[in-house]
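Trainee: I have a model open and want to learn how to read its features. Where do we begin?

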Amino acid sequence: MTPDLALPSSLLEALGRTRRLVVLTGAGTSAESGVPVFRGGGGLWEGFRPEDLATPEAFARDPVRVWRWYRWRLERVQAAEPHAGHRALARLEASNRLRACTLVTQNVDGLHQRAGSRLVLELHGNITRSRCTSGCGVARPAETVDPERAECPCGSGMLRPDVVWFGESLDPGVLGQASLRIEEADMVWVVGTSALVHPAAGLPGIALQRGIPVVEVNPERTPLSGAVPYSLRRTAAEGVPALVEGILGPRTNSF
Ligand code: OAD
Ligand code: ZN
(Lines give C-alpha, C1' and ligand atoms only; values in the text may rest on other atoms or scores of the structure.)
(Ligands and ions follow the chains in the order given, each with its own letter.)
Protein backbone atom coordinates (compact mmCIF):
# COMPACT_ATOMS: atom_id res chain seq x y z
CA MET A 1 0.00 0.00 0.00
CA THR A 2 1.37 3.39 -0.95
CA PRO A 3 0.26 6.05 1.52
CA ASP A 4 -1.61 8.89 -0.13
CA LEU A 5 0.73 11.54 1.15
CA ALA A 6 2.82 13.84 -1.02
CA LEU A 7 5.90 15.04 0.84
CA PRO A 8 7.49 18.42 0.01
CA SER A 9 10.31 18.04 -2.50
CA SER A 10 12.89 19.59 -0.13
CA LEU A 11 11.95 16.94 2.46
CA LEU A 12 12.24 14.16 -0.11
CA GLU A 13 15.72 15.42 -0.99
CA ALA A 14 16.72 15.52 2.68
CA LEU A 15 15.36 11.99 3.19
CA GLY A 16 17.43 10.81 0.25
CA ARG A 17 20.58 12.23 1.87
CA THR A 18 19.86 10.83 5.35
CA ARG A 19 22.51 8.55 6.84
CA ARG A 20 21.90 8.83 10.57
CA LEU A 21 18.31 8.96 11.68
CA VAL A 22 16.75 9.25 15.13
CA VAL A 23 13.01 8.69 15.54
CA LEU A 24 11.43 9.97 18.76
CA THR A 25 8.06 8.40 19.51
CA GLY A 26 5.32 9.08 22.04
CA ALA A 27 1.91 7.74 22.99
CA GLY A 28 0.28 8.86 19.73
CA THR A 29 2.47 6.37 17.90
CA SER A 30 0.56 3.56 19.64
CA ALA A 31 -2.91 5.14 19.37
CA GLU A 32 -3.82 3.38 16.12
CA SER A 33 -2.86 0.07 17.75
CA GLY A 34 -5.56 0.71 20.36
CA VAL A 35 -3.38 1.89 23.26
CA PRO A 36 -4.91 5.11 24.63
CA VAL A 37 -2.83 8.29 24.77
CA PHE A 38 -2.29 10.05 28.12
CA ARG A 39 -3.59 13.56 27.40
CA GLY A 40 -7.14 13.87 26.14
CA GLY A 41 -10.11 11.87 27.54
CA GLY A 42 -8.93 8.35 26.60
CA GLY A 43 -6.21 8.40 29.27
CA LEU A 44 -8.59 8.46 32.24
CA TRP A 45 -9.06 5.28 34.29
CA GLU A 46 -11.86 5.08 36.83
CA GLY A 47 -11.82 8.89 36.91
CA PHE A 48 -8.09 9.17 37.67
CA ARG A 49 -5.60 11.04 35.54
CA PRO A 50 -2.23 9.40 34.78
CA GLU A 51 -0.54 12.22 36.71
CA ASP A 52 -2.43 11.04 39.82
CA LEU A 53 -1.46 7.38 39.43
CA ALA A 54 1.99 7.36 37.85
CA THR A 55 3.86 8.73 40.87
CA PRO A 56 5.88 7.20 43.72
CA GLU A 57 3.50 8.93 46.16
CA ALA A 58 0.43 7.30 44.59
CA PHE A 59 2.12 3.89 44.81
CA ALA A 60 3.15 4.42 48.43
CA ARG A 61 -0.42 5.47 49.28
CA ASP A 62 -2.29 2.78 47.39
CA PRO A 63 -0.16 0.17 45.61
CA VAL A 64 -3.20 -2.01 44.87
CA ARG A 65 -4.90 0.80 42.91
CA VAL A 66 -1.74 1.65 40.97
CA TRP A 67 -1.12 -2.01 40.14
CA ARG A 68 -4.73 -2.48 39.03
CA TRP A 69 -4.28 0.47 36.63
CA TYR A 70 -1.07 -1.00 35.25
CA ARG A 71 -2.65 -4.44 34.87
CA TRP A 72 -5.52 -2.82 32.92
CA ARG A 73 -3.02 -1.02 30.70
CA LEU A 74 -0.95 -4.18 30.30
CA GLU A 75 -4.00 -6.07 29.07
CA ARG A 76 -4.65 -3.39 26.45
CA VAL A 77 -1.02 -3.51 25.37
CA GLN A 78 -1.07 -7.31 25.10
CA ALA A 79 -4.24 -7.11 22.97
CA ALA A 80 -2.69 -4.45 20.69
CA GLU A 81 -0.85 -5.16 17.45
CA PRO A 82 1.85 -3.01 15.84
CA HIS A 83 0.54 -0.99 12.86
CA ALA A 84 1.97 0.06 9.49
CA GLY A 85 4.04 2.83 11.10
CA HIS A 86 5.74 0.47 13.58
CA ARG A 87 6.36 -2.04 10.80
CA ALA A 88 7.82 0.60 8.46
CA LEU A 89 10.34 1.65 11.15
CA ALA A 90 11.38 -1.98 11.66
CA ARG A 91 11.74 -2.40 7.89
CA LEU A 92 13.91 0.70 7.68
CA GLU A 93 16.27 -0.53 10.40
CA ALA A 94 16.47 -4.03 8.89
CA SER A 95 17.23 -2.65 5.41
CA ASN A 96 20.67 -1.45 6.58
CA ARG A 97 20.19 1.47 4.20
CA LEU A 98 21.18 3.88 6.98
CA ARG A 99 24.43 4.00 8.94
CA ALA A 100 22.45 4.53 12.12
CA CYS A 101 18.75 4.16 12.77
CA THR A 102 17.80 4.73 16.40
CA LEU A 103 14.38 4.70 17.96
CA VAL A 104 13.96 6.70 21.16
CA THR A 105 10.57 6.08 22.70
CA GLN A 106 8.58 7.44 25.61
CA ASN A 107 6.25 4.48 25.22
CA VAL A 108 6.32 1.64 27.71
CA ASP A 109 4.32 -0.80 25.59
CA GLY A 110 7.09 -2.58 23.65
CA LEU A 111 5.18 -2.29 20.33
CA HIS A 112 8.28 -1.19 18.41
CA GLN A 113 10.15 -4.30 19.49
CA ARG A 114 7.16 -6.50 18.68
CA ALA A 115 7.18 -5.02 15.16
CA GLY A 116 10.83 -6.06 14.84
CA SER A 117 12.79 -2.92 15.74
CA ARG A 118 15.98 -3.76 17.61
CA LEU A 119 17.71 -0.54 18.54
CA VAL A 120 15.07 0.98 20.82
CA LEU A 121 15.99 3.29 23.69
CA GLU A 122 13.13 3.17 26.20
CA LEU A 123 13.19 6.48 28.09
CA HIS A 124 10.30 5.60 30.41
CA GLY A 125 10.88 1.87 30.97
CA ASN A 126 8.58 -0.99 30.04
CA ILE A 127 5.18 -1.91 31.40
CA THR A 128 5.72 -5.64 30.92
CA ARG A 129 8.38 -5.75 33.65
CA SER A 130 8.37 -5.13 37.39
CA ARG A 131 11.20 -4.51 39.84
CA CYS A 132 11.66 -4.17 43.59
CA THR A 133 11.38 -0.69 45.13
CA SER A 134 14.32 -1.49 47.43
CA GLY A 135 16.67 -2.07 44.49
CA CYS A 136 17.37 -5.64 45.65
CA GLY A 137 17.55 -6.76 42.02
CA VAL A 138 14.40 -8.89 41.93
CA ALA A 139 12.57 -8.38 38.61
CA ARG A 140 9.44 -10.21 37.48
CA PRO A 141 7.13 -10.09 34.46
CA ALA A 142 4.43 -7.61 35.46
CA GLU A 143 1.66 -10.03 34.52
CA THR A 144 2.78 -12.41 37.29
CA VAL A 145 2.47 -9.78 40.04
CA ASP A 146 -0.69 -10.06 42.16
CA PRO A 147 -1.87 -6.45 42.77
CA GLU A 148 -3.07 -7.46 46.25
CA ARG A 149 0.24 -9.10 47.18
CA ALA A 150 3.02 -7.14 45.55
CA GLU A 151 5.51 -7.50 48.43
CA CYS A 152 8.96 -8.48 47.16
CA PRO A 153 10.34 -11.84 48.41
CA CYS A 154 13.37 -9.90 49.74
CA GLY A 155 11.12 -8.62 52.55
CA SER A 156 12.18 -4.98 52.34
CA GLY A 157 10.42 -3.66 49.23
CA MET A 158 7.45 -3.90 46.90
CA LEU A 159 7.37 -5.06 43.32
CA ARG A 160 6.47 -2.05 41.18
CA PRO A 161 6.07 -1.48 37.43
CA ASP A 162 9.48 -1.00 35.82
CA VAL A 163 8.58 2.40 34.42
CA VAL A 164 9.62 5.97 35.15
CA TRP A 165 7.03 7.87 37.15
CA PHE A 166 6.42 11.62 37.42
CA GLY A 167 8.94 13.04 39.84
CA GLU A 168 11.50 10.31 39.08
CA SER A 169 14.69 10.63 37.05
CA LEU A 170 15.17 8.91 33.75
CA ASP A 171 18.01 6.40 33.52
CA PRO A 172 20.95 8.76 32.79
CA GLY A 173 22.60 6.13 30.60
CA VAL A 174 19.55 5.82 28.34
CA LEU A 175 18.97 9.58 28.22
CA GLY A 176 22.67 10.20 27.50
CA GLN A 177 22.64 7.64 24.71
CA ALA A 178 19.54 9.27 23.19
CA SER A 179 21.15 12.74 23.32
CA LEU A 180 24.34 11.42 21.77
CA ARG A 181 22.45 9.78 18.91
CA ILE A 182 20.70 13.09 18.21
CA GLU A 183 24.05 14.93 18.32
CA GLU A 184 25.26 12.58 15.59
CA ALA A 185 22.04 12.51 13.54
CA ASP A 186 21.41 14.22 10.24
CA MET A 187 17.61 13.87 10.49
CA VAL A 188 15.13 13.50 13.36
CA TRP A 189 11.46 12.50 13.24
CA VAL A 190 9.16 13.28 16.17
CA VAL A 191 6.06 11.08 16.07
CA GLY A 192 2.93 11.19 18.23
CA THR A 193 4.10 13.11 21.26
CA SER A 194 2.52 16.18 22.85
CA ALA A 195 6.08 17.46 23.43
CA LEU A 196 5.13 18.54 26.95
CA VAL A 197 6.81 16.08 29.33
CA HIS A 198 10.43 16.79 30.10
CA PRO A 199 13.19 15.74 29.72
CA ALA A 200 11.98 13.79 26.66
CA ALA A 201 10.31 16.93 25.28
CA GLY A 202 13.70 18.67 25.25
CA LEU A 203 15.34 16.15 22.89
CA PRO A 204 14.04 17.66 19.61
CA GLY A 205 15.63 20.94 20.73
CA ILE A 206 19.08 19.38 20.39
CA ALA A 207 18.32 18.65 16.75
CA LEU A 208 16.81 22.10 16.12
CA GLN A 209 19.88 23.79 17.59
CA ARG A 210 22.08 21.80 15.23
CA GLY A 211 19.96 22.94 12.30
CA ILE A 212 19.27 19.44 10.97
CA PRO A 213 15.86 18.65 9.45
CA VAL A 214 13.23 17.75 12.05
CA VAL A 215 9.93 16.26 10.91
CA GLU A 216 6.93 16.14 13.22
CA VAL A 217 4.14 13.62 12.57
CA ASN A 218 1.04 14.46 14.59
CA PRO A 219 -2.61 15.01 13.63
CA GLU A 220 -2.71 17.92 16.12
CA ARG A 221 -0.51 20.97 16.58
CA THR A 222 1.96 20.80 19.48
CA PRO A 223 4.37 23.30 21.08
CA LEU A 224 6.97 21.94 18.64
CA SER A 225 4.94 22.47 15.46
CA GLY A 226 5.91 26.10 14.92
CA ALA A 227 9.61 25.42 15.50
CA VAL A 228 10.22 22.48 13.16
CA PRO A 229 10.85 22.80 9.43
CA TYR A 230 8.35 20.03 8.59
CA SER A 231 5.15 19.39 10.53
CA LEU A 232 2.97 16.71 8.92
CA ARG A 233 -0.67 16.76 10.15
CA ARG A 234 -0.94 13.01 9.79
CA THR A 235 -1.30 10.00 12.02
CA ALA A 236 1.65 7.74 12.73
CA ALA A 237 0.27 4.92 10.57
CA GLU A 238 -0.07 7.33 7.61
CA GLY A 239 2.95 9.60 8.03
CA VAL A 240 5.69 7.19 9.09
CA PRO A 241 5.37 4.76 6.14
CA ALA A 242 5.48 7.75 3.77
CA LEU A 243 8.71 9.01 5.38
CA VAL A 244 10.22 5.52 5.27
CA GLU A 245 9.32 5.26 1.58
CA GLY A 246 11.07 8.60 1.12
CA ILE A 247 14.28 6.85 2.19
CA LEU A 248 13.79 3.32 0.88
CA GLY A 249 11.68 4.09 -2.19
CA PRO A 250 8.19 2.69 -2.82
CA ARG A 251 7.57 -0.83 -1.61
CA THR A 252 7.71 -3.40 -4.36
CA ASN A 253 6.86 -6.54 -2.41
CA SER A 254 4.29 -7.50 0.21
CA PHE A 255 6.62 -7.61 3.24
P1 OAD B 1 0.50 12.42 25.17
O2 OAD B 1 -0.72 11.62 25.49
O3 OAD B 1 0.85 13.59 26.00
O4 OAD B 1 0.37 12.97 23.69
C5 OAD B 1 -0.02 12.15 22.63
C6 OAD B 1 0.19 12.90 21.33
O7 OAD B 1 -0.12 12.00 20.28
C8 OAD B 1 -0.71 14.13 21.15
O9 OAD B 1 0.08 15.21 20.68
C10 OAD B 1 -1.69 13.69 20.06
O11 OAD B 1 -2.08 14.76 19.20
C12 OAD B 1 -0.86 12.68 19.29
N13 OAD B 1 -1.63 11.66 18.57
C14 OAD B 1 -2.87 11.18 18.83
N15 OAD B 1 -3.19 10.22 17.95
C16 OAD B 1 -2.15 10.10 17.10
C17 OAD B 1 -1.87 9.27 15.96
N18 OAD B 1 -2.75 8.38 15.52
N19 OAD B 1 -0.69 9.42 15.33
C20 OAD B 1 0.23 10.33 15.77
N21 OAD B 1 0.02 11.13 16.84
C22 OAD B 1 -1.14 11.02 17.49
O23 OAD B 1 1.70 11.38 25.07
P24 OAD B 1 3.27 11.58 25.22
O25 OAD B 1 3.71 12.85 24.56
O26 OAD B 1 3.92 10.33 24.80
O27 OAD B 1 5.11 9.58 30.86
O28 OAD B 1 3.38 11.74 26.78
C29 OAD B 1 4.62 11.83 27.34
C30 OAD B 1 4.64 11.13 28.66
O31 OAD B 1 3.59 11.60 29.50
C32 OAD B 1 4.38 9.64 28.60
O33 OAD B 1 5.51 8.89 28.26
C34 OAD B 1 3.98 9.35 29.99
C35 OAD B 1 2.96 10.44 30.09
O36 OAD B 1 2.42 10.67 31.29
C37 OAD B 1 5.35 8.74 31.87
O38 OAD B 1 4.66 7.76 32.07
C39 OAD B 1 6.53 9.12 32.69
ZN1 ZN C 1 13.20 -6.81 46.84
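Mentor: With burial. A residue counts as buried when its relative accessible area is under 20%, and as exposed when that area is over 50%. Keep in mind that this is a predicted model.

Trainee: How many residues of H10 are buried?

Mentor: H10 is mostly covered, with 11 of its 13 residues buried. Among them are Ala236, Gly239, Val240, Leu243 and Ile247. Glu245 is also on the buried list.

Trainee: What span does H10 reach from its first C-alpha to its last?

Mentor: Helix H10 covers residues 236-248 and reaches 18 Å. That is close to the 18 Å expected at 1.5 Å a residue. Just after H10, Gly249 takes a positive phi of about 90°.

Trainee: Now helix packing. How is it described?

Mentor: Two packed helices are described by the angle between their axes and the distance between the axes. Take H6 and H10. Their axes come within 7 Å and cross at roughly 20°.

Trainee: Why are H6 and H10 called roughly parallel?

Mentor: Angles under 35 degrees count as roughly parallel. H6 and H10 cross at roughly 20°, so they are roughly parallel to each other. The crossing is left-handed. On the H6 side, the contact includes Ala84, Gly85, Ala88 and Leu92. On the H10 side, it includes Ala237, Val240, Val244 and Ile247.

Trainee: What follows H6? Where does Leu98 lie?

Mentor: Leu98 lies in the loop between helix H6 (84-95) and strand S2 (100-105).

Trainee: Is Leu98 buried or exposed?

Mentor: Leu98 has a relative accessible area of 10%. The cut-off for buried is under 20%, so Leu98 is buried. Leaving out residues up to four places away in sequence, Leu98 touches Thr18, Arg19, Leu21, Leu92 and Ile247.

Trainee: Where is Ala195 found, and what is its phi?

Mentor: Ala195 is in the loop between S7 and H9. Its phi is positive, about 55°, although it is not a glycine. Ala195 counts as buried, at 15% relative accessibility.

Trainee: Which peptide bond is cis?

Mentor: The bond from His198 to Pro199 is cis, with omega near 10°. Pro199 sits in the loop between strand S7 (187-191) and helix H9 (203-210).

Trainee: Last topic, salt bridges. How many are there?

Mentor: The test is a side-chain nitrogen of Lys or Arg within 4 Å of a carboxyl oxygen of Asp or Glu. By this rule the count comes to 8. One of them joins Arg49 and Asp52, at 3.3 Å from N to O. Arg49 is partly exposed at 42%, and Asp52 is partly exposed at 33%. Arg65 and Asp62 also meet, at 3.8 Å.

Trainee: How far apart are the closest N and O atoms of Asp146 and Arg149?

Mentor: They are 2.6 Å apart. Asp146 is partly exposed, at 29%. Arg149 is exposed, at 59% relative accessibility. Elsewhere, salt bridges that share partners join Glu122, Arg129, Arg131 and Asp162 into one network.

Note on methods. Residues are numbered from 1 along each chain as its sequence is written. Chains are lettered from A and ligands numbered from 1 in the order in which they are written. This is a predicted model: local features need pLDDT of at least 70, side-chain atom pairs count only at pLDDT 80 or more; totals for chains, interfaces and linings use all residues. Side-chain values use heavy atoms; hydrogens and water are left out. Helices (H or I, at least four residues) and strands (E, at least two) are DSSP runs, numbered from the N terminus. Buried means under 20% relative accessible area, exposed over 50%, partly exposed in between (1.4 Å probe, protein chains only). Contact means heavy atoms within 4.5 Å. The expected span of a helix is 1.5 Å times one less than its number of residues. Axes are lines fitted to C-alpha atoms, for helices over the stretch in contact, and angles run from 0 to 180 degrees between N-to-C directions. Angles under 35 degrees count as roughly parallel, over 145 as roughly antiparallel, 65 to 115 as roughly perpendicular and the rest as oblique. A crossing is left-handed if the near helix is turned anticlockwise from the far one by less than a right angle, and right-handed if clockwise.
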